[in-house]
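Q: I have a model open and would like to go through it with you piece by piece. Could you start with whatever term I need for the strand pairing?

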Amino acid sequence: MIKFIIIDDQTGESQEEKLTPETLIQGGGLIGRHPSCDIVLNSPEVSRVHGRILYREGQYYFTDLGSTGGSHVNKQEASTNENFLLKPNDIIRIGGFILLVKEVPMDGNSAMHKPQKVPVLPLESCQIEQLIFKVEELKSQGLLNPSTSEFVVQGKRLAEGLSFSQRFRQKALELCQAELDAGKFCVLVEHSDHVTIWQEEQLDEPENVAQNIPTGQAQNRKK
């Protein structure tokens, strides 16, 4: 089973969606604004059938099905029928929606899916109020600059994640606190007009790249 947190970037509302291998194998996993889709994103920026989650040999993939507005996986644009292997904390952007991958089952036969040892922070350290930084503070210490995609806090290497406008600051705080409660280190960086969650990098996992998958790829559908 793969689990997503879906965030409407306009309203800040979020919901959780789960897709099972059985659903995906039977032709499900469609994402779009049409009511028959498994994940419905109600926005004119989203095609009727925009993309699809695929399940092949124990792994999950995202594929854009020739949508009008396009899709992005993390910061990479997804071409039509290009297959992206998904892992925890990956971000799929479709229209004004963010699909955050929260859970992907580990495949014990795959080296790239070996369980990770995640340090559990002491309760007194798991308070997001202690881990909120002003961007000016980080810049003055030489930790952040326009070309920086990662930096180190308390000996942990962090990578840039989700960004929210200031009006959704509380939503960002809640997501970051949930990560801390789950034993995953993260910090919140405040800019003048937005806030960004920086998460501890999963060093044992490869970079997310588009990959070919076994036969049975989804065919392009009419929007």
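A: Two strands are said to pair if DSSP finds at least two bridges between them. With that in hand, and bearing in mind that this is a predicted model, we can look at Ile91, whose bridge partner in β11 is Leu100.

Q: OK, and over how many bridges do β10 and β11 pair?
A: Strand β10, residues 91-94, pairs with β11 over 4 bridges, in the antiparallel sense. The two strands form a hairpin with 2 residues between them, and Gly95, which sits in the turn, has a positive phi of about 55 degrees.

Q: Which other strand is joined to β11?
A: Strand β1, covering residues 2-8, is joined to β11 by 6 bridges, and these two run antiparallel. Within that pairing, Phe4 has Val101 as its bridge partner in β11.

Q: Is β11 enclosed or open to solvent, and why?
A: β11 is largely enclosed by the rest of the structure, because 6 of its 7 residues are buried.

Q: What does Val104 touch, leaving out residues up to four places away in sequence?
A: Val104 touches Met1, Ile2, Tyr60, Leu86, Lys87 and Pro88. For Ile2, the C-alpha to C-alpha distance to Val104 is 4.9 Å, although the two residues are 102 apart in sequence.

Q: Switching to the open sheet, in what order do its strands come?
A: The open sheet has 5 strands in the order β4-β3-β5-β6-β9, and the pairing is mixed. Its edge strands are β4 (39-40) and β9 (83-85), each of which pairs on one side only.

Q: How many bridges join β3 to β5?
A: There are 2 bridges between β3, residues 30-32, and β5, residues 51-56, and these strands run antiparallel. In β5, Gly51 is the bridge partner of Ile31.

Q: Then there is Asp64 in β6; is it buried or exposed?
A: Asp64, which lies in strand β6 (residues 59-64), is buried, because its relative accessible area is 2% and anything under 20% is classed that way.

Q: With which side chain does the Asp64 side chain make a polar contact?
A: The partner is the side chain of Ser71, at 2.5 Å. Beyond four places in sequence, the residues that Asp64 touches also include His50, Gly51, Thr80 and Glu82.

Q: And Gln15, buried or partly exposed?
A: Gln15, found in strand β2 (residues 14-19), is partly exposed, with a relative accessible area of 42%. Its side chain makes a polar contact with the side chain of Glu17 at 2.7 Å, and, leaving aside neighbours within four places in sequence, Gln15 is in contact with Phe4, Ile5 and Ile6.

Q: Now the largest nonpolar core: how many residues has it, and which have the most contacts inside it?
A: It has 29 residues, and those with the most contacts inside it are Phe151, Leu162, Phe164, Val187, Val189 and Ile197. The elements that give two or more residues to this core include β1, β11, β14 (156-165) and α3 (169-181), and α3 gives the most, with 5 residues.

Q: What does Phe164 touch, again leaving out residues up to four places away in sequence?
A: Phe164 touches Ile7, Lys171, Ala172, Leu175, His194, Val195 and Ile197. There is also a second, separate core of 23 residues, which includes Tyr55, Phe84, Ile94 and Leu99.

Q: Last topic, how many disulfides turn up in a search of the whole structure?
A: The search finds 0 disulfides. As for individual cysteines, Cys37 is buried, with a relative accessible area of 6%, and Cys176 counts as buried at 0% relative accessibility.

Notes
Residues are numbered from 1 along each chain as its sequence is written. This is a predicted model: local features need pLDDT of at least 70, side-chain atom pairs count only at pLDDT 80 or more; totals for chains, interfaces and linings use all residues. Side-chain values use heavy atoms; hydrogens and water are left out. A disulfide is a pair of cysteine sulfur atoms within 2.5 Å. Buried means under 20% relative accessible area, exposed over 50%, partly exposed in between (1.4 Å probe, protein chains only). Contact means heavy atoms within 4.5 Å. A nonpolar core is a set of buried Ala, Val, Leu, Ile, Met, Phe, Trp, Tyr and Cys residues joined through side-chain atoms within 4.5 Å. A polar contact is a pair of N or O atoms within 3.5 Å; within protein, one must be able to donate a hydrogen and the other to accept it, and residues adjacent in sequence count only if both atoms are side-chain atoms.
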